Amino acid sequence: MLSAACARQGVISEASLRRQERLLLSTAFSPPFDYPLQPHPNVRSGALRHARNLDRFLASPLHQPSVEAFDATLEWIAREDPNGDRSIILDSGCGTGRSTRLAALAEPAALVLGVDRSEQRLERGSSAETPRNARLVRAELGSFWRLLLAAEDGRLA
Ligand SMILES: C[S@@+](CC[C@H](N)C(=O)[O-])C[C@H]1O[C@@H](n2cnc3c(N)ncnc32)[C@H](O)[C@@H]1O
């Protein structure tokens, strides 16, 4: 069982895990039945527009609070994974962090980063217990992704 595996690793209490596991099984894999199966028609044109402006974007200043959040995240990773052998999962635009928590429960051996710029959304999810292998970070993803690319060492991909 997922909960037993997580509890063995001391990630989170067994009772809390069982609650979250029930939630995971009841809702996580049931998308709305009218969920679109095709990409949104604007995805391609939007991606091409961003690609054309990529050089300008990469030369623009980084968002300073996100740089600080990134540095704190690297410190957390170094503490949780001193040997550098755990996988890292990035939940970009994690909102309230629900998907981050579920990913952390599903992958107890990995470290899961949930990143969102909205203080309000992160705050809305803050009463839920966060597994030890998950971290919620308030940051602007444009800067966060650039910092990840710059720090890329084969793990932070
Ligand atoms: C549609 S919501 C998805 C929330 C969550 N993943 C879920 O499934 O419930 C998109 C999220 O992306 C965040 N977001 C959008 N652009 C962002 C950016 N540039 N940097 C950080 N977060 C961003 C928004 O704040 C919002 O919470």
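First, the ground rules. This is a predicted model: local features need pLDDT of at least 70, side-chain atom pairs count only at pLDDT 80 or more, and totals for chains, interfaces and linings use all residues. Residues are numbered from 1 along each chain as its sequence is written.

The fold. The protein chain has 8 helices and 3 strands. These are DSSP runs, numbered from the N terminus: helices are H or I, at least four residues, and strands are E, at least two. From the N terminus, the order is α-α-α-α-α-β-α-β-α-β-α. Of the 157 residues, 23% count as buried. Buried means 20 or more other C-beta atoms within 10 Å of the residue's own; exposed means 12 or fewer; partly exposed is in between; C-beta atoms are placed from the backbone.

Next, helix H5, residues 64-80. It has 17 residues and reaches 25 Å from first C-alpha to last, close to the 24 Å expected at 1.5 Å a residue. That expectation is 1.5 Å times one less than the number of residues. Which residues of H5 are buried? Ser66, Phe70 and Thr73. Seen down the axis of H5, the buried residues fall within an arc of 60°, so they line one face. The arc is taken over directions from the helix axis to the C-beta atoms. On the other side, Gln64, Glu68, Asp71, Glu75, Ala78 and Arg79 are exposed.

Now the core. The largest nonpolar core has 16 residues. Such a core is a set of buried Ala, Val, Leu, Ile, Met, Phe, Trp, Tyr and Cys residues joined through C-beta atoms within 7 Å. Among those touching the most other members are Ala104, Val115 and Phe144. H6, E2, E3 and H8 each supply at least two residues of this core.

Finally, the ligand. Its shell includes Gly93, Asp116, Arg117 and Glu140. Helix H6 (98-106) and helix H8 (141-151) each give two or more residues to that shell. Shell residues have a C-beta atom, placed from the backbone, within 6 Å of the molecule.

Look at Glu140. It sits in the loop between E3 and H8. Glu140 counts as partly exposed because it has 18 C-beta neighbours inside 10 Å. Its C-alpha is 9.2 Å from that of Gly93, 47 residues apart along the chain.
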